[in-house]
Amino acid sequence: MSPGTLETQKKDWTRIAFFVLTPLIGTVGTAAHAWRFGFRWWEPALFLALYALVGVSVTAGYHRLFAHRSYECHPAVQAFYLFFGAMALQNSILAWGSDHRIHHRYVDRDWDPYNIQRGGLWAHILWIFYKGPADRTFDDVPDLKRNRLVQWQHRHASLIGIVGGLGLPTLIGWAMGSALGGLLWGGFLRIVVVHHTTFFVNSIAHLYGSRPYTEANSARDNAWVALLTNGEGYHNFHHRFPADFRNGIRWYQWDPSKWWIRGLRVLGLARGLRSTPALVIERSRLETARARAESRAGAGAAHPIEAVRHHLDAAHHALERAAVLWAEAREKGRRSWREYREQLALARRKRAEALRMLGSMPEGV
Ligand SMILES: [Zn+2]
Ligand SMILES: [Zn+2]
């Protein structure tokens, strides 16, 4: 997508109508239907089931598989993603993947399609209201262009999205006794919720949250967004290590997409899962902590910053030692692994302690 300006970009009125009407029907329509007819157990169940299936097709499929190639999977799983992903009505894999790779490459700059510097509302939804270039070739995503399933989905994405996204829940609703109930709960309400939770990653997760892995861009780790988006809210990690199949790397971080991908591997349907070594991740956290400390030092906090630096140096030494032990462990085995883990844990503790001290330092000291 060309960066353009609001003056030079043409509005896409079909999309604008779609993105204005679907929330109205999805929320007001569903509420009115529930008020008039009550609701049956299967209606919220249908909503949740399709929310989960379509959601994971966007996060584990569109995003982590097609846009980032963070793992490989069986064509049957790809077919699942391209069908349920199209039901999200967020464009084809080809267009979505291209936009998203441009977002990563030019994050926070003019060429970033959902550049947060143009405002939260722009990054959330306004960017969709404008037409991209008509002669888009998708030469920037040659791997996706070569994929026949992706090409086929690109040609029929709107049709699959409407027939599957609205027709399928209507059919299920009809079988359960209310076609309209199925259409509203599993169709419109689900589309709107999947839309806006996905968009939260581009808006909220670029505005609010922490930046433990890099401060070079606006992406943030936001656990609330992760809760709504199958784990995509750990966006600071993701921008630092976009090829990693995980976004929430700690066991307690809510990232169902990561568990889904691991589940596929157990079933023999996915392989080649790419993950960043713990040492590399910790090094980025330490560098970010060091940069934060030095920016405070520059502000004239000479005395207390020395104690912070002391902890950061200790973390650095522990990490260097861990790197040596890691190399040894690969050759020798068990005992070194234990020592490696101890040194890595020590590095984390020292880095965390330094950040705690930095956080408790009064401003301008
Ligand atoms: Zn982003
Ligand atoms: Zn991404």
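**Charged pairs, ring contacts and a zinc site**

R309 has a relative accessible area of 24% and is therefore partly exposed, as computed from a predicted model. Its salt-bridge partner is E294, and the closest N and O atoms of the two side chains are 2.8 Å apart. R309 belongs to helix α13 (residues 302–332) and E294 to helix α12 (residues 278–298), so the bridge ties together parts that are 15 residues apart in sequence. E294 likewise counts as partly exposed, because its relative accessibility is 31%, a value that falls between the limits of 20% for buried and 50% for exposed.

Side chains of opposite charge can pair when their charged atoms come close. A search of the whole structure returned 18 salt bridges. One of the pairs is formed by R64 and E232, with 2.7 Å between the closest N and O atoms. This pair ties together parts that are 168 residues apart in sequence, because R64 lies in helix α2 (residues 42–67), whereas E232 is in the loop between α9 and α10 (235–240). With a relative accessible area of 1%, R64 is buried; E232 also counts as buried, at 6% relative accessibility.

E72 counts as partly exposed, at 43% relative accessibility. R271, by contrast, counts as exposed because its relative accessibility of 59% is over the limit of 50%.

Aromatic residues were examined next. A pair of aromatic rings is described by the distance of the centres and the angle of the planes. The search of the whole structure gave 18 aromatic pairs. Among them is the pair of W251 and Y252, which is edge-to-face, with 5.5 Å from centre to centre and 90 degrees between the planes. W251 and Y252 are both exposed. An edge-to-face arrangement is also seen for W337 and Y340, at 5.7 Å centre to centre and 75 degrees between the planes. W337 and Y340 are 3 residues apart in helix α14 (residues 334–360), so about one helical turn separates them. W337 counts as partly exposed, at 29% relative accessibility, whereas Y340 is buried, with a relative accessible area of 9%. Elsewhere, ring pairs join F80, Y81, F83, F84 and W260 into a cluster.

Arginine side chains also lie over aromatic rings. R118 is placed over the face of W122, 3.9 Å from the ring centre. In another such arrangement, the charged end of R285 sits over the ring of Y213, at 5.2 Å from its centre.

The zinc ion (ligand 2) has H63, H68, H100, H104 and H238 as its protein donors, each through NE2. The donor atoms lie 1.9 to 2.2 Å from the ion. Along the chain, the donors follow the spacing H-x4-H-x31-H-x3-H-x133-H. H63 is buried, with a relative accessible area of 3%. H68 also counts as buried, because its relative accessibility of 11% is under the limit of 20%.

N217 is located in the loop between α8 (179–202) and α9 (223–228). N217 counts as buried, at 10% relative accessibility. Its side chain reaches the backbone nitrogen of A219 at 2.9 Å. When residues up to four places away in sequence are not counted, N217 touches V107, D108, R211 and H239.

Technical notes. Residues numbered from 1 in each chain as written. Chains lettered and ligands numbered in written order. Predicted model: local features only at pLDDT ≥ 70, side-chain atom pairs only at ≥ 80, totals over all residues. Heavy atoms only, no water. Helix = DSSP H or I, 4+ residues; strand = E, 2+ residues; numbered from the N terminus. Buried < 20%, exposed > 50% of the residue type's maximum accessible area, 1.4 Å probe, protein only. Polar contact = N/O pair within 3.5 Å; in protein donor to acceptor, adjacent residues only side chain to side chain. Contact = heavy atoms within 4.5 Å. Donors = N, O, S within 2.8 Å, 3.2 Å for Na, K, Ca; no water. Phe/Tyr/Trp six-rings, centres within 6.5 Å; stacked < 30°, edge-to-face > 60°. Lys NZ or Arg CZ within 6 Å of the ring centre and 35° of its normal. Salt bridge = Lys/Arg side-chain N within 4 Å of Asp/Glu carboxyl O.
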